[in-house]
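Thanks for coming, everyone. Let me put the structure up on the screen.

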Amino acid sequence: MTDKLLDIAGLCAGTEDATILHDIDLTLAPGTTHVLMGPNGAGKSTLGHVIMGDPTYRTSAGTISFDGADVTADTADKRSLAGIFLSYQAPVEVPGVPLYSFLRTIAGKRPELKMTSRQFRARVGELAQQLDMDSSYLTRELNVGFSGGEKKKVEMLQLLLLQPKLAILDETDSGLDVDALAVVSRGIEAYRASCDGTLLVITHNTRILERLDVDRTHVMVKGRLVAEGGADLIPKIDREGFEQFEQTGDGDR
Amino acid sequence: MATSTLERLNTPPAQTWNYLRINDAVLEVPAIANDPARDYSASVDATPVRPDAHAGLEMGAGDAATAWLTSAATSAASRHTVRVSSDSPQLVEVNLSAGDVTETNVELGPDAEATIVVTASASPADAPSTTGNLLRITAARGARVTLAELVALPDSHQHLDDVGIELGQGASIEVRQYVLGAGTAVLGLAANLAGARSSLTLATRYLARGRERLDLNHVVRMRGTDTRAQVDESGVLDDDAEKTLRATIDLVRGAKGAKGREQETVLVAGDGVVNKTLPVILCDEDDVAGDHGATIGSVSQDQLSYLADRGLTEEDATELFSSAVIDDAVLSAPTGAFRDAALAIARDLLGDQAANDLAEAEASFEPRGGDAR
C-alpha cells in the first residue's frame, strides 16, 4: 500500500472564468483524519468537488493522485469507484428514485460489496437503525421532502454502506440540530472504525470535530492553503478566528 | 366488437393552437359492454349511487368520458357510494381486471379519513379490452384522503381514468398515480380546492415504452384562501412512446394567499419518442403565487453530478430512472393487489430476480405513507 492515499501537487483549478484554487499541495496518508478550515468563500468546498472530479470545475495545472494512480483526468464516476466519496453540503433531491433502489444500484457497481439481496437488505436495515432512521425512509424518493438532518443521515448511510477509502465531508455539520449532529458524528466514528478510512472534513464549525482524533489541520484562505498544523490548531482557530491567517497572507506554513 | 369514439377527452381549461394537436384526446372504446354478473371488489359497505348526487363536480377527463364510464358501469356491483365519517377511517379498494369499468363516489364527512386504492391490471392472455375508473371524491372540512392509482396493463389493453375531487375547508388529499403499462392510457384529474386552507399534492410517475400512448390532464382550481397545490409529474419515455400532459393551475379570484406549483420531469430514452406538454397557470387574483418548472430530455445536471459522485455513468443513471419507476410502485404499494400488479410488470421488464428482490424488500420495509392492508 502507498503511504500517500491522496497526493495533490501544484493544483490550480476553477471555473471557465476564474481560477479559484491556487497551487494546492496536499497529502493524506491512509487511515488519517484531516480537517480543512477557512472563512466562507475560501474555496474549501471547491477543493472537495475538484478532488471528486466535478465537471463544473476545470483543472488548469497540477495533478491529483489517488491510491497510487493519477486520476486528474478521470471522471467523477471512475473516482467514486476507485474509492473517493464526497458527502454533499446540500444533497440533491432525486424524484422518482426510491432510496432503496439507489443504494442497491450504487452498491451493485462495486464488486467488493457483492452480497445477496437478503444480505443487502439486512445490511441497509442495520445501518438505518444505527443512524436512527426509520426503515420507511428506504422506500421514499431519494432526499425528496427530507429535512436537512435527514439528508445528512442519508449521506452517512451511503458512507457506511460503500466504505470508501477516502471520505470528503463537505460541511456535513451545517444546519444540524444537536441530536442530528450526534447521529452524524456517530456515523463518522463508525466509518473510521469499520474500514480505517481516510477523512477530509471540511468545516468552519469545530463541534463536529469534538469526537474525532484529528491528525492534521489545514487552513484555506482565498483559494490557497495558508497554514497547516496538528489538532492543536483547531482550538486556536476557535479562539482567534481566521483573521490571523488572512492578515499574514500565507500564514505559518 | 362494436366500438364508439370518445372525442374531446382531457380538454384543458385553456386551449392552444390546434396544429399542436394537444387540445384534447380521442379514444376508441367498446360500445357499452358490461357483464352485470361480474363482482367488483370494494372492501367497505357500499350503497348505490344517487344519479344527481355529484352534478356540477368537474371531472378531469371531461363529459364524454364521464358519460361513457357511467353508462358502462351499469351493474349494481360496479357502482358504489362510500360514506366515511370521522370515527372510522376507511380503505376503499377498486380492483379492475380486463374489461372492468367502475363508478365510485367517496364522500368524506368532517375530519374523516380515507385511503382509496385503484388498481387496473390484466394478463397478456386476456382479450384486448378497456378498463375504466370513474371516481368522485368529496371531502368535507378537515377530511384527509390518500389516493393511490396504478395502471399496469399489457399493451393490448387500454385504460380510461376520470377523477373529480372537491375539498372543503382545511381538507387535504395526497394523490400518487403510477402508469406502468397500457397500449393507451387516458387519465384526467380535476381538483376543486374550494375550502380555505385545503391542499393537494399530486405525484404522477410513468414508464411508457414500445408504441404505448399516455395522455394526462391535471386541472387544479384554487378557489379557497391560503390553499396549497403541489403537482409533480415525472417519468421515462422509451422506444416510440407518446406522452401528452396538460397541467393547469387556476388561481381563481378570491383565492388570496393561494400557492400552486407544478413541476415536470421527463426522461426521453428512445429515439422515436413524442413528448408534448401544455403547462398553464391561470391567474385572476393578486395575492397568489403560481409557478411551473420542467426538466425535459435527460437527467438534470445536478442529479447527474450527484449520481456520478456515487459511481454511476449517465447510462447507469438513465437505467436507474427507468427501473426506479417500477421499484417505486412496488415499494410504496398500499395493498396486495397493487403490489402484485406492479410486480407483474417488474417480472416482465426487469426479470424474475429483480422482481423477487423487490418483493422481499417490499415485505421488509414499511411502505411510504404506511400500509393500508
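First, the ground rules. This is a predicted model, where local features need pLDDT of at least 70, side-chain atom pairs count only at pLDDT 80 or more, and totals for chains, interfaces and linings use all residues. Residues are numbered from 1 along each chain as its sequence is written, chains are lettered from A and ligands numbered from 1 in the order in which they are written, and side-chain values use heavy atoms, with hydrogens and water left out.

Now the interface. How much area do chain B and chain A bury between them? About 3000 Å², with 59% of it on carbon and sulfur atoms. Buried area here is the accessible area, by a 1.4 Å probe, that two parts lose on being put together, summed over both. B:Tyr306, B:Arg310 and B:Phe365 supply 27% of what chain B buries against chain A, more than any other three residues.

Next, the residue counts. Chain B brings 30 residues to the contact and chain A brings 44. Contact means heavy atoms within 4.5 Å.

On to charges. The rule finds 7 salt bridges across this interface. That rule asks for a side-chain nitrogen of Lys or Arg within 4 Å of a carboxyl oxygen of Asp or Glu. A:Glu141 and B:Arg205 form a salt bridge through their side chains, at 2.8 Å from N to O. Which elements of chain B give two or more residues to the side that touches chain A? They are α2 (301-308), α3 and α5. The largest share, 8 residues, comes from α3(B). Helices are DSSP runs of H or I with at least four residues, strands are E runs of at least two, and both are numbered from the N terminus.

Now look at helix α4 of chain B, residues 336-350. Its 15 residues should span 21 Å, and the end C-alpha atoms are 20 Å apart, which agrees. The expected span is 1.5 Å times one less than the number of residues. Among its buried residues are B:Phe338, B:Leu343 and B:Ile345. Buried means under 20% relative accessible area, with a 1.4 Å probe and protein chains only. Their cover includes α3 (314-331) and α5 (352-364) of chain B. Just after the helix, B:Gly351 takes a positive phi of about 100°.

Last, A:Asn143. Its phi is near 65°, positive in a residue other than glycine. A:Asn143 sits in the loop between β8 (141-142) and α5 (148-162) of chain A. Buried or exposed? A:Asn143 is buried, at 0% relative accessible area.

Definitions and conventions. Buried means under 20% relative accessible area, exposed over 50%, partly exposed in between (1.4 Å probe, protein chains only).
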